[in-house]
Amino acid sequence: MVAESSDSGFLLAIESSCDETAAAVIDRQRRVLSNVVASQFELHTRFGGVVPEMASRAHVQNILPVIDEAIRQAGIRLADLTAIAVATTPGLVGSLLIGLTAAKTLAWSLGVPLVAIDHLQAHIYACQLALWSQSGQAAGQKVQAESIYPCVGMVVSGGHSNLYACASPVDFELLGATTDDAAGEAFDKVAKVLDLGFPGGPAIEKCAKAGRADAFAFPRTFIHEERLDFSFSGLKTAVLYAAHGIQGAKVQPPPLDDARRADLAASFQAAVVDVLVAKAVQALKKTKYSSLCVGGGVAANQAFREKLEQVAQKRGFRLHVAPRELCTDNAAMGGLGWELVEKGRLAPLDLDVSPGLIRTAVPRKS
Ligand code: KG4
Ligand code: ZN
């Protein structure tokens, strides 16, 4: 039995927006008591990408065991939960619905509040949890006043390359986004071009270690423009042509051996990193914020992390990059739910998902 007090409480966060089924328990002091992730990586590998219907079915199989395990590892009982948080946007509609159904059922049967998580803001909040964990959790203290907000929030994942002005964990404005492929999507597609397998990000990163980042002068789209949007499809095509040539062209590239593959991977990675870092700096200038927080799967990339560190030191802004284990999809970052609970921003039981299939690039002024 867990003792009740005004600052006690346990939030169960559920995440099923894409191909990871995840649940975590976070206490009111924002300590992550458990963080369970069932990856569907092996299921989708042979198709070279996520198959939505298969992802939904795997969520159905995994969701209850994952929730049970999160409760068990946290050392509590279901009845000890005081709130349920669930990612409802953006994501694959079938996948999101599985997490939402579980969350609603638990909230209703336990009689506790339900809150709706924006998965992208949760990726940014992972930086906040990590900061508190470093400063307060070790000493078992209550949440420190130290905040990453206001900040420029950057989410670079398989589905998004978004920049936000984040006034607080729950008040944010989109500054820019990708107009075509997301950064992680470009990593995945280029890995296919180079026969490196899926998911592409870690495979490209590994291959790039043996290559020269300046071997190919790949495009850095929009880098000198004021707009805070991204475009990676031209870069992806440039890598395709450099690797396999252009049909009918007189001059064709040499065969794709390991050395050439490594040079292509390193040059591609450098082009993505240059653009991401440049746009983040532009967003800091535009918002006049002095803190940059980066999350999402691509933030696990070492070359990207190192370049961010260098630029932060040179320009003197505060940098928070999510720890690697909280970069890719997880439910611990759904600790963001506490911010909603404490502000009274509760969701009704007829809450729906919002897959967000429309590209969200900020409209240009003519
Ligand atoms: O955040 P995430 O797990 O899922 C989405 O919300 O999309 O991000 C997955 C993406 C994939 O495209 C994967 O290739 C990329 O993050 N990724 C990486 C690395 N690790 C994962 N990209 C570059 N370098 C990495 N080390
Ligand atoms: Zn994600």
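Against which helices do the buried residues of α6 pack? In this predicted model, the buried residues of α6 pack against α5 (183-193), α8 and α9. Helix α6 spans residues 200-208 and is mostly covered, with seven of its nine residues buried. The buried positions are G200, G201, A203, I204, E205, C207 and A208.

**Packing of α8 and α9**

Helix α8 covers residues 258-287 and helix α9 covers residues 302-315. The two pack at an angle of about 35°, and their axes are 10 Å apart. Their crossing is right-handed. On the α8 side, the contact is made by Q269, V273, D274, L276, V277, V281 and K285. On the α9 side, A303, F304, K307, L308, V311 and R315 take part. Sorted by class, this contact has eight nonpolar, one polar and four charged residues.

In soluble globular proteins, nonpolar side chains tend to be buried together. The largest nonpolar core in this model has 89 residues, and within this core L194, F268 and L276 touch the most other members. Helix α8 gives the most to this core, contributing 15 residues. Leaving aside residues up to four places away in sequence, F268 touches A186, F187, V190, I204, F218, L235 and V239. One of these partners, I204, is also among the buried residues of α6. L276, in turn, belongs to the α8 side of the contact with α9. A second, separate core has 29 residues, including A38, A70, A107 and V353.

**Salt bridges**

The count of salt bridges comes to 16.

| Side-chain pair | N to O distance | Separation in sequence |
|---|---|---|
| E339 and R30 | 3.1 Å | 309 residues |
| R30 and E342 | 3.0 Å | 312 residues |

Are R30 and E342 buried or partly exposed? R30 has a relative accessible area of 6% and therefore counts as buried, the cut-off being under 20%. E342, with a relative accessible area of 45%, is partly exposed. R28, R30, E339 and E342 are linked in a network of salt bridges.

R345 is partly exposed, with a relative accessible area of 38%. D171 is also partly exposed, at 33%.

**The position of S133**

S133 is placed in helix α4, which covers residues 119-137. Why does S133 count as partly exposed? The reason is its relative accessibility of 31%, since partly exposed residues fall between the buried limit of 20% and the exposed limit of 50%. S133 and V32 are 101 residues apart in sequence, yet their C-alpha atoms are 8.5 Å apart in space.

Technical notes: Residues are numbered from 1 along each chain as its sequence is written. Chains are lettered from A and ligands numbered from 1 in the order in which they are written. This is a predicted model: local features need pLDDT of at least 70, side-chain atom pairs count only at pLDDT 80 or more; totals for chains, interfaces and linings use all residues. Side-chain values use heavy atoms; hydrogens and water are left out. Axes are lines fitted to C-alpha atoms, for helices over the stretch in contact, and angles run from 0 to 180 degrees between N-to-C directions. Helices (H or I, at least four residues) and strands (E, at least two) are DSSP runs, numbered from the N terminus. A crossing is left-handed if the near helix is turned anticlockwise from the far one by less than a right angle, and right-handed if clockwise. Contact means heavy atoms within 4.5 Å. Ala, Val, Leu, Ile, Met, Phe, Trp, Tyr, Cys and Pro count as nonpolar, Asp, Glu, Lys and Arg as charged, and the others, Gly among them, as polar. A nonpolar core is a set of buried Ala, Val, Leu, Ile, Met, Phe, Trp, Tyr and Cys residues joined through side-chain atoms within 4.5 Å. Buried means under 20% relative accessible area, exposed over 50%, partly exposed in between (1.4 Å probe, protein chains only). A salt bridge is a side-chain nitrogen of Lys or Arg within 4 Å of a carboxyl oxygen of Asp or Glu.
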